[in-house]
Amino acid sequence: MAAFARMVKGQVRNYSAPLDMAIPASKQKYIPSSGSYPKGFLVSGTHVGVKASNTKFPDLALISSETPCSAAAVFTTNKFQAAPVQVSKKTLQSRQGQGIRSVVINSGCANAVTGKGGLEDAVNMGSKVDECYGLSEPSTLVMSTGVIGQRLPISKILDKIPTAHANLASTHDAWLTTARAICTTDTFPKLLSRTFTLPSSPGRTYSLAGMTKGAGMIHPNMATLLGVLCTDAPIDPSALQSLLKHSVSRSFNSISVDGDTSTNDTVAILANGAAGGAPISSPASDDYAAMQDILTSFAQSLSQLVVRDGEGATKFVTVRVQNSPDYESARLIASTIARSPLVKTALYGRDANWGRILCAIGYTQGVAPGTVVPERTSVSFNPVDGSPVLKLLVNGEPEQVDEERASVILQEEDLEIVVDLGGGEKGEQGLGGEEAVYWFCDFSHEYVTINGDYRT
């Protein structure tokens with residue numbers, strides 16, 4: 001009986017979605033109660049039952065513009081690219097990023113590694129949406145998420161697409177339901193919106209909204225992660241692609257949950273220009289620079305919600321690598337720390353085992369020569385409550401760590417790890433002062449529980 005009790009206790013999921021899909025109390029604070037959504041966009045979330053066990057929750061999302069949009073997307077680099085990834089790439093290329101009207105997404109099945117039949121299913125999903133608008137050319141991007149290696153119940157999905165189209169709306173509730181429809185092991189829908197202005201039209205208000213999903217198999221490039229961003233600002237397709245690529249590199253490609261990458265990752269953006277104004281086209285313009293900052297900041301906030309919902313996660317960790325000779329070297333070091341199982345388990349156990357961080361720095365591959373010099377390297381914990389920094393290593397020399405204070409810091413949900421490579425102004429060789437930031441979570445027993453029975 002004791003063994004049975006331990007087994008049952010081990011299956012209790014404290015940090016994952018309850019079986020009734022209720023949002024855990026600790027995650028309620030991330031759900032927006034209202035929003036400022038871009039003009040001309042309509043959305044819906046519809047129940048299909050892609051997974052037989054889903055009898056009532058929405059699992060088909062439709063995001064549409066009332067007018068044709070400029071569109072751009074960044075896709076997974078995994079060699080086994082899912083059918084919707086292949087189909088959406090082809091659609092964007094054939095349309096040269098113009099004339100896109102919709103994005104259709106199903107959860108519950110990834111439609112990945114499904115052969116020619118899977119490709120046909122993805123094409124048919126997009127075509128069915130296009131039919132609702134009377135369009136003959138492919139104008140819909142397709143995304144799927146869920147179990148790999150299984151075919152979609154395509155007839156059920158196609159039958160419900162007209163319903164999804166009929167239910168399109170612009171309300172906050174509609175956006176929230178749509179964000180919920182793309183979730184898998186997520187414990188809460190991830191939705192953000194904000195307004196902004198551009199230098200050329202200071203009196204004109206634009207809106208930007210985005211939803212994303214992801215909780216596990218998360219690491220650049222990119223992960224089991226989907227994202228759709230919409231704006232009513234006017235942006236030319238070529239400018240939109242470069243803006244998205246820059247923002248994703250510093251947001252969705254700067255997060256990690258478990259170091260695994262997947263087959264379906266897609267982050268797309270639609271810009272319909274419904275709020276008016278001069279189109280953003282030249283990278284040299286003030287509007288382009290402003291939009292790059294706005295989009296990057298927004299994407300960072302949205303992608304951080306994925307980390308906060310990491311499967312089994314109890315901590316949200318920022319790792320900041322400073323004073324590197326170049327950005328890419330700093331990013332590689334931050335990424336290596338973020339995916340280290342030993343660092344992640346130490347943080348879960350509230351153990352200030354900074355030697356694991358140091359090891360990850362030391363074995364990072366691909367950094368520029370001279371980036372990591374032990375005698376210049378410092379590591380510290382930066383508490384989020386504003387209390388003094390806890391220094392662990394200073395210029396290669398270990399500090400006398402106050403273990404009691406370290407334990408208190410590690411009890412908090414949020415933590416920042418700062419790695420100073422000493423190559424900035426204070427560095428003897430003056431190698432430079434570039435900085436990269438990564439966001440990741442810890443590894444808990446819960447992660448193993450969730451993924452041990454994900455498919456079954």
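Helix axes here are lines fitted to C-alpha atoms over the stretch in contact, with angles taken between N-to-C directions on a scale from 0 to 180 degrees. Helices (H or I, at least four residues) and strands (E, at least two) are DSSP runs, numbered from the N terminus. The model is a predicted one, in which local features need pLDDT of at least 70 and side-chain atom pairs count only at pLDDT 80 or more, while totals for chains, interfaces and linings use all residues. Residues are numbered from 1 along each chain as its sequence is written, and side-chain values use heavy atoms, leaving out hydrogens and water.

Let me start with the helix pair. Helix H3, residues 115–132, and helix H4, residues 154–166, have axes that come within 9 Å and cross at roughly 25°. The two are therefore roughly parallel to each other, a label given to angles under 35 degrees, with over 145 being roughly antiparallel, 65 to 115 roughly perpendicular and the rest oblique. Which residues in H3 and H4 meet? On the H3 side they are Asp121, Asn124, Met125, Lys128, Val129 and Cys132, and on the H4 side Ile154, Ile157, Leu158, Ile161, Pro162 and His165; contact means heavy atoms within 4.5 Å. By class, the residues of this contact divide into 8 nonpolar, 2 polar and 2 charged. Nonpolar covers Ala, Val, Leu, Ile, Met, Phe, Trp, Tyr, Cys and Pro, charged covers Asp, Glu, Lys and Arg, and the others, Gly among them, are polar.

Glycine 117 also belongs to helix H3. It is buried, with a relative accessible area of 15%, where buried means under 20%, exposed over 50% and partly exposed in between, using a 1.4 Å probe and protein chains only. Glycine 117 and alanine 83 are 34 residues apart in sequence, and their C-alpha atoms are 9.1 Å apart in space.

I turn now to backbone angles. Asparagine 111, in the loop between strand S3 (100–109) and H3, has a positive phi of about 50° although it is not a glycine. Its relative accessible area is 0%, so asparagine 111 is buried. Asparagine 323, in strand S10 (residues 316–324), likewise has a positive phi, near 55°. At 16% relative accessibility, asparagine 323 counts as buried.

Next, the nonpolar cores. A nonpolar core is a set of buried Ala, Val, Leu, Ile, Met, Phe, Trp, Tyr and Cys residues joined through side-chain atoms within 4.5 Å. The largest has 74 residues, of which Ile105, Trp175 and Ile235 touch the most other members. Helix H7, residues 286–308, gives the most to this core, with 11 residues. Apart from it lies another core, of 30 residues, including Ile361, Val379, Leu393 and Val419.

Two further residues complete the picture. Valine 317 is in strand S10 and, at 0% relative accessibility, counts as buried. Its C-alpha atom is separated by 5.9 Å from that of aspartate 414, 97 residues away along the chain. Not counting residues up to four places away in sequence, valine 317 touches Leu347, Leu415, Ile417, Tyr438, Trp439 and Phe440. Threonine 336, in helix H8 (residues 327–338), is buried, with a relative accessible area of 6%.
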